[in-house]
Amino acid sequence: MRFKICLVLTLPLALAACGEGKAPSEKLKDATTELVEEAAGEMPPALAEGTYAPRDECAGLPGADAFRAALGRAVEARDADALAKLAAPDVKLDFGGGAGTAELRGRLDGDAPNLWDELDTLLTMGCAADGRASMTIPWYFAQEIDAVDPMMGMIVTGENVPLRLEPASEADVLEPVSWDVVELVDGLEPEAPFQHVATTKGKRGYIATDRLRSLIDYRLMASSRDGKWSITSFVAGD
């Protein structure tokens, strides 16, 4: 559909080229190439409101839809064998040498059962494409985020999440935050219901812990070779 639109748009350009000293066919070719490249680079619409709201850039990549469907079925069924079959033999699992499908299967089957919950969450957070043969889930992880320290940065996972004056659900709302980044002021307090954060504009307040996700939390990366997609990395941290 995009190619048809581009061809229609370039017809007036080809006619105009007659008086510019360049053959219409050459002008048509140049304009078509430019518009096709521009269309291909368009960012897909966000699935929610907010700067870093999930987007799906991976739909339509060769083989990607089938791969992600299989990934979704494996996660829903909590099927470690099925998930391992979607991973590369040397899939990276941490920054301490953990790797391989056997290790992945072992972690999913008992050593780290919360990994299934992490995968559940990831599958709702969009997908970034790098060319035609690489993807990153969640989408925001592939974006350039330099407004906060990545080690202290958190993404607000939701629309109109209240930034409160005090760490209490009944406290006054300073402003709503939608799928944007904030920075921890006092470090993460995992057991606390609220975290003290600062927005990129410098406003400080408290956001519910369950609406925050570390910028370096779990992410899944996959690549395609000869049309076959494989998970190459499933890690958290840095």
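Me: What share of the contacts in the chain with a separation of 6 or more comes from residues 24 or more positions apart?

Reply: This is a predicted model, in which local features need pLDDT of at least 70, side-chain atom pairs count only at pLDDT 80 or more, and totals for chains, interfaces and linings use all residues. Residues are numbered from 1 along each chain as its sequence is written, and side-chain values use heavy atoms, with hydrogens and water left out. A contact means heavy atoms within 4.5 Å. Of the contacts in the chain with a separation of 6 or more, residues 24 or more positions apart account for 56%.

Me: How many helices and strands does the chain have?

Reply: Helices (H or I, at least four residues) and strands (E, at least two) are DSSP runs, numbered from the N terminus. Counted in this way, the secondary structure of the chain comes to six helices and 12 strands.

Me: What percentage of the residues in the chain is buried?

Reply: Buried means under 20% relative accessible area, exposed means over 50%, and partly exposed lies in between (1.4 Å probe, protein chains only). The chain has 238 residues, and the buried ones make up 40%.

Me: Which strand pairs with S12 in the antiparallel sense?

Reply: Two strands pair if DSSP finds at least two bridges between them. Strand S12 spans residues 228-235, and six of its eight residues are buried. Its parallel pairing, over two bridges, is with S1 (residues 87-92), where Ala 87 stands opposite Ile 231. The antiparallel pairing of S12, over seven bridges, is with S11.

Me: Which residue takes a positive phi in the hairpin of S11 and S12?

Reply: Within this pairing, Leu 220 has Phe 234 in S12 as its bridge partner. The hairpin has two residues between the strands, and the residue with a positive phi near 55° is Asp 226.

Me: What is the angle between the planes of Tyr 218 and Phe 234?

Reply: Rings of Phe, Tyr and Trp (its six-membered ring) pair if their centres lie within 6.5 Å; planes under 30 degrees apart count as stacked, over 60 as edge-to-face and the rest as tilted. The structure holds two aromatic pairs. One of them joins Tyr 218 and Phe 234, with centres 5.0 Å apart; the pair is tilted, and the angle between its planes is 40°.

Me: Why do the buried residues of H6 line one face of the helix?

Reply: In H6 (residues 114-122), the buried residues are Leu 115, Trp 116, Glu 118, Leu 119 and Leu 122. The arc is that of the directions from the helix axis to the C-beta atoms. The buried residues line one face because, seen down the axis of H6, they fall within an arc of 160°.

Me: Which residue in S9 is the bridge partner of Phe 194?

Reply: Four of the five residues of S9 (204-208) are buried. S8 (residues 194-199) and S9 pair in the antiparallel sense over five bridges. In S9, the bridge partner of Phe 194 is Ala 208.
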